[in-house]
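Hello,

Here is the structure for you to look through. Please open it first, then read my notes below.

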Amino acid sequence: MQFKKGVLELCVLVLTAKRDRYGYELVASISEKFHIAEGTVYPLLRRLTQDGYFTTYLMESQEGPPRKYYRLTKQGREYMNDLVLEWRIFDRGVNQIIGEGLGYDET
Amino acid sequence: MTRREFMDEMGSLLSELPDKERLDILADYTEHFLMGIQEGKNEHEIAEALGSPKLLARELLAGYRINQAQSNASVGNMTRAIVATVSLGFFNLIFVLGPFLALIGVLISCYCVAVTLLAAPLGMVVQYGIPTVSQERLFLLFGSLASVGLGGMLIIGLLRLTRWMYRQFLRYLQFNVQMIRGK
């Protein structure tokens, strides 16, 4: 689907809102909700990092390889809030159109 | 595709990137493979879910090129960014190259107008010589001042506009890389 990729950006930003996450974790939480080419999350994370929305750091883990964590910056949080607002407006609009189009009137 | 195959293909597709950038990207995917294996998935499954290295590499290259053009403004960098974005697919050819050529066309014609205004007085003198009647001389003087002034202001405005458009167009490229082919 064409628009999924734009939504991916919103998803990774929102997922890191409360705590830092590592790449695999982000991929896993998104791909359990909808089907994506999992590899595309990494280019996206790179871009958001380059744009200053994330900072990254490596941390050793008990099991497995060291993980690269993504932390949302202040700028990233502002951007996320903008995207969430945009999404809500979009979502409401589409739902209204679907409602009207399919005749589920609330009246 | 095994992990080894995936990484090798990715590595060679990204060979035009500087080492640091390429190794960093490969490290991300290696981490992904290792974590998947740790969860009990097999390499083929993981590679399959990641998607085609070719498409991923194109996207990564485009991202890198756009970033380069942003931090280092030049015609060459902009061209590479556009080529990389266009390589993402036919859709981008129309939606990236089309608007870009149109914008360039408009800009070039504006610059031509500015240069014409700047050169007009000189042209007048070359063509007709310095007029002998003092009234005509005054007319030439003030006409020249107006023409050069307008041309100069237009050039300054255009230079700013060019810089602004450069930045906006890069954002547009980024938007394209992000929106298109969203499988």
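Over residues 138-161 of chain B, what percentage of the chain is helix, and how far apart are the end C-alpha atoms? The span is 100% helix and 0% strand. Its end C-alpha atoms lie 34 Å apart. Keep in mind that this is a predicted model.

UniProt, in an unreviewed entry, gives "transmembrane region" for residues 138-161 and 90-118 of chain B.

Now follow helix α6 of chain B. It runs over residues 90-128, which makes 39 residues. From first C-alpha to last, α6 reaches 54 Å, close to the 57 Å expected at 1.5 Å a residue. Look for the bend of about 45° at B:A119. A proline, B:P121, follows within four residues. Three residues of α6 to find are B:N92, B:V96 and B:A114; they are buried. Just after the helix, B:G129 has a positive phi of about 75°.

Next, chain B as a whole. It has seven helices and zero strands. The C-alpha trace spans about 95 × 30 × 20 Å along its principal axes. The radius of gyration is 26 Å, whereas a compact globule of 183 residues would have one near 16 Å. Of those 183 residues, 23% count as buried.

Last, chain A. An unreviewed UniProt entry annotates residues 12-81 as "domain: Transcription regulator PadR N-terminal". That stretch is 44% helix and 20% strand, and its end C-alpha atoms are 13 Å apart.

Best wishes

Note on methods
Residues numbered from 1 in each chain as written. Chains lettered and ligands numbered in written order. Predicted model: local features only at pLDDT ≥ 70, side-chain atom pairs only at ≥ 80, totals over all residues. UniProt positions renumbered as here; feature names shortened; annotations may be inferred. Helix = DSSP H or I, 4+ residues; strand = E, 2+ residues; numbered from the N terminus. Expected span 1.5 Å × (residues − 1). Bend = angle between axes of the 7 residues up to and from the residue. Buried ≥ 20, exposed ≤ 12 C-beta atoms within 10 Å, placed from the backbone. Rg over C-alpha atoms; globule rule 2.2 N^0.38 Å.
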